[in-house]
Amino acid sequence: MKGYYAGAAFLLTGFLTLSACSQDSSASDDKDQKVTSQEQTDQTDDMKPDEMEETQGTSVSDEDEMNDRSEDKGEQAAGKQEGENQLNVEEEKYETAEKAAESIKDYSTVEQTNTDLGHGLKALQEGAAGHEYVSWNEGNWLIRVDFPTDGQYAIDGYDGGLDMAKEVVAYLEDHALPAPHDRGVITINGFKEHPGTEVMWQDGKVVYTIDSDDKNPFNAIQRAVDET
């Protein structure tokens, strides 16, 4: 019996010893974790702002990159739009002023008129083969609008060639074109499949030309106004 009690006491003592060691180990692990967590917090506090961004992963840098791309696209779009609206003025020099004037073939004086454009100007309105033509003179300029009689083929924003012609007249009331030495011609095509505006005028021995395939004829006209 004594041996039995002695063995039991030995087992109980071993169990208590192991339990105490386990508690000490657990407490030591908790302490180590707290120390490690505190060290990480201290390291974060000591970091510079740029170092903190790096430790936060790719979210900050990705957002900056997206913003940069958006700005680049905005600049490219703005540059593209500016390039499309920029029209060059070409010039060609001739031996004499007479030859320069003769090079502008489409010029004519509108002697017969049948429609009122407003602002004291009258025009000749005529049609042929699906085209509506409106022609008139302003000073030494001949201005001619070629517009489709069928609205489905016309550029947007106008009720016909006469409507466009009246808008051009109204615009030129407040915007002066260059004064041609002898003659100048503005030809406007209002067909949406092949729109275009050509402005030509003579100044002595030089003929200036602005050619645009824009649906808005006032871009080319404004460019000519800028030359005054």
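1. D182 is partly exposed at 34% relative accessibility, where partly exposed lies between buried (under 20% relative accessible area) and exposed (over 50%), with a 1.4 Å probe and protein chains only. R183 and D182 form a salt bridge, with 3.3 Å between the closest N and O atoms. The term stands for a side-chain nitrogen of Lys or Arg within 4 Å of a carboxyl oxygen of Asp or Glu.

2. On the basis of these values: this is a predicted model, in which local features need pLDDT of at least 70 and side-chain atom pairs count only at pLDDT 80 or more, while totals for chains, interfaces and linings use all residues. Residues are numbered from 1 along each chain as its sequence is written, and side-chain values use heavy atoms, with hydrogens and water left out.

3. How many salt bridges does the rule give? The count comes to 3. As background, side chains of opposite charge can pair when their charged atoms come close.

4. E227 pairs with R223 in a salt bridge whose closest N and O atoms are 2.7 Å apart. E227 has a relative accessible area of 36% and is partly exposed; R223, at 24%, is partly exposed as well.

5. Is E95, the partner of K99 in a salt bridge, buried or exposed? E95 is exposed, with a relative accessible area of 61%, whereas K99 is partly exposed at 40%. The closest N and O atoms of K99 and E95 are 3.0 Å apart.
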